[in-house]
Amino acid sequence: MSVKSKTEEEITRPTLSDLLFVSRFARNEDGVFTVFGLIVVLMMVVAGGVALDIMRSEVDRTTVQNTVDRAVLAAASTKQTATPEDVVEAYLRAAGVPKDSVIIDVPTPTTSTGSIELQKTVNVTAKANTIPLFMNVLGTDELTVPVSASAEEVVSELEVSLVVDISGSMRGDKIASLRTEAKKFVAELLKDREDRTTISIVPYNDRVNVGSDLAAYFPLSSEHSFSNCVVFDAADFNTTSLTSGTILERMGHFDRDSGNANAPGLVPDPLCRSDGYGSILAWSNDVTELQGHIDLLGASDWTAMDLGVKWGTLLLDPTTRTQMQAMMAGKKLKLVKDANGDYLDTSNFGRRPYNYTEPGMRKVLVVMTDGRNTTQWDLKDDKKSGPSGVFVYNEFVSPPGLSDSNATTAGDLCADGTGSLYGLVCNGGTFVSATLANSNGNSFFNGRSAYSADYRNIGELLTDFAESVGTLTLTSGGETVSWEDAWWRHSTRGNWTAFDAQGDYNGDGSASMYEARYSTWSEANGKFFISHLDEYWDEPYGGTDAVELTYSELFATMSIKYIDFTLLNGADWDTRDKYYFAWHETHNQTKADTNLSNICAAARQQGVTIYTIAFQAPDDGETAMKDCAGIGNEGYYFDVAGLDIKSAFDDILASLDRLRLID
């Protein structure tokens, strides 16, 4: 059998089956994804490794950054005694951070000729090094991230006004919490920097009691001097300053709420208190003084935030520097201590309140409320001063057993036992030539007025007649008081009584044997209403000897209701209304909110930093506090929902911290 050999053409020419096989192979996709998947997995492993290395590098960087931040803060403190290099290295060593690549730069501390005493800065640059686990396959053997931090402490002048709400809604736990935390706040502000800080405490309810101490240095109007509250016009809330020559209008001294009883002396519950309770404590750097003042704060009456902030800003304003200098002349501030630990005065405080542009100075206003602005009151302008139309005449009134018209000998006065004068007993003698006479409304002993400036005190009187008189005692309510510490007193009820020498029945240290008789001019009748007779006369009771009271005298000694319901009981309605409606509303909530907004804006315009605290305040109070802090200053507003006002004060202290990281 012969075999034919294939030609070259036959050998190279594909057969049909070959062509079909190649076609099927080209269309077959089995195994293709496996190859691509291997490539993708390899890329994912590399990417994951890179991400892990970057994450490790970021952890290392964060560790080094936090360590460096803490280190520079400690090193930049002006109280730090160790060198900045030692402080930073100690922090790095404790955190296990290599110090080889750390660079520490400490600029020379600067001392200013202005108010800044010292500025200390520390700069640190370092590296965070990480050995990669995966990136080395890409040729990267080490990841290095630069780290830097700078800190500074500036010891500067600080002026603070702490304006606190003492209205009635603060009673109970809230006022107790305020007292506790406010005391801590002032102590922390003054810690180690009494020579650079002054604090003013401004309590407010529906008025601000300036207090007699501070009022002595401010130009208050002179209608009266019984109390020291001030009322401001709307325009006064557009500025923080006190214009030279301005006279601050004194609030009327009056009592609109007490009943129709009338005790001798000043009205019992005046709108503006006559004592020092709740008064302003201005420009102090004495922790004990400040905390003692805060401890005495209570809670009563309504709310006038605008008045509190007005006084708070006024005590920060340089236009009150004259007042501070005059006040400080008689008061030693706690400033720099000498070798014995005693505080010395320094002229530095004479420049306060500083100008707003003073370098290194900071003015801070802290305002706290638990309520909303309410109504404020005062006497009407035409009822604050001038003649009142009410006349008084002191009529001599005989005690039981004495006749108004008959002179009585001293023997009658000193009869055994009861005597002619109720409760008066003379022992061991008589007034030999003394007489008691109704002559020109005066009581005479030996022709001299027993209650003149020469003889107001029983002891002074008897000293002149000691040889013939012996011992005199006064008895009242079963108690006997010897003449050495006794005074004659005569009440408006016609009862004779004995009071301690320190008492002051009439408000001026004088004793009286007379009954006050009042006459009030009635426009409606064209006559005088005589109160004790319930009659109208053509002239006041007492005639030309009657004295017309000023409005300030009238309202300072009689409550509004007493005048209307007792003194003028029986008079025509027009006359009664004239005095009953002598007061008026000066501010409602809307007006007070506007004033508050304006004075806060004026303070911010001058660069004053304002922190506000809403202490369980209603929505209106929260809105007022946010507005006072200012738009964009949300971080300076604190909303205290519970009793934890401490957190607000702590945050303010942290914000005021003079040691800080800088960019």
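Trainee: Which exposed residues sit on the face of helix 4 turned away from its buried side?
Mentor: Arg93 and Ala94 are the exposed residues carried on that face of helix 4. Keep in mind that this is a predicted model.

Trainee: OK, and which residues of helix 4 are buried?
Mentor: Helix 4 covers residues 84-94, and its buried residues are Pro84, Val87, Val88 and Leu92. They span an arc of only 130 degrees around the axis, which puts them on the same side of helix 4.

Trainee: What follows helix 4?
Mentor: Gly96 follows helix 4, and the phi of Gly96 is positive, near 75 degrees.

Trainee: Switching to helix 8: how many of its residues are buried?
Mentor: Helix 8, residues 305-314, is mostly covered, with 10 of its 10 residues buried. Among them are Met305, Leu307, Val309, Trp311 and Leu314, and the buried list also includes Asp306 and Lys310.

Trainee: Is the crossing left-handed or right-handed?
Mentor: Helix 5 passes helix 7 in a right-handed crossing. On the helix 5 side, the contact is made by Arg179, Ala182, Lys183, Lys184, Val186, Ala187 and Leu190. Helix 7 brings Val287, Leu290, Gln291, Ile294 and Asp295 to the contact.

Trainee: How many of those are nonpolar, polar or charged?
Mentor: The contact of helix 5 with helix 7 has 7 nonpolar, 1 polar and 4 charged residues.

Trainee: What about helix 16 and helix 17, roughly parallel or roughly antiparallel?
Mentor: The axes of helix 16 (residues 589-605) and helix 17 (residues 619-629) cross at roughly 25 degrees and come within 8 Å. Helix 16 and helix 17 are therefore roughly parallel to each other.

Trainee: Which residues make that contact?
Mentor: From helix 16, the contact uses Gln589, Leu596, Ser597, Cys600 and Arg604. From helix 17, the residues are Asp620, Ala624, Met625, Asp627, Cys628 and Ala629. By class, the contact of helix 16 with helix 17 divides into 6 nonpolar, 2 polar and 3 charged.

Trainee: New topic: where is Val160 found?
Mentor: Val160 is in strand 4, residues 157-165. Val160 is buried, with a relative accessible area of 2%.

Trainee: What is Val160 in contact with, leaving aside neighbours within four places in sequence?
Mentor: Val160 is in contact with Leu189, Thr198, Ile199, Ser200, Leu316 and Val364. Also, Val160 and Thr197 are 37 residues apart in sequence and 7.7 Å apart in space, C-alpha to C-alpha.

Trainee: And Val72, buried or exposed?
Mentor: Val72 is buried, at a relative accessible area of 0%. Val72 has its place in helix 3, residues 32-76. From Val72 to Asn123 is 51 residues in sequence and 7.0 Å in space, C-alpha to C-alpha.

Trainee: Last one: how many helices and strands in the protein chain?
Mentor: The protein chain has 18 helices and 30 strands. Of its 663 residues, 45% are buried. For contacts between residues at least 6 apart in sequence, 71% join residues at least 24 apart.

Terms used:
Residues numbered from 1 in each chain as written. Predicted model: local features only at pLDDT ≥ 70, side-chain atom pairs only at ≥ 80, totals over all residues. Heavy atoms only, no water. Left-handed = near helix turned anticlockwise from the far one by under 90°. Helix = DSSP H or I, 4+ residues; strand = E, 2+ residues; numbered from the N terminus. Contact = heavy atoms within 4.5 Å. Nonpolar A, V, L, I, M, F, W, Y, C, P; charged D, E, K, R; others polar. Buried < 20%, exposed > 50% of the residue type's maximum accessible area, 1.4 Å probe, protein only. Arc of directions from axis to C-beta. Axes fitted to C-alpha atoms, helices over the stretch in contact; angles between N-to-C directions. Parallel < 35°, antiparallel > 145°, perpendicular 65-115°, else oblique.
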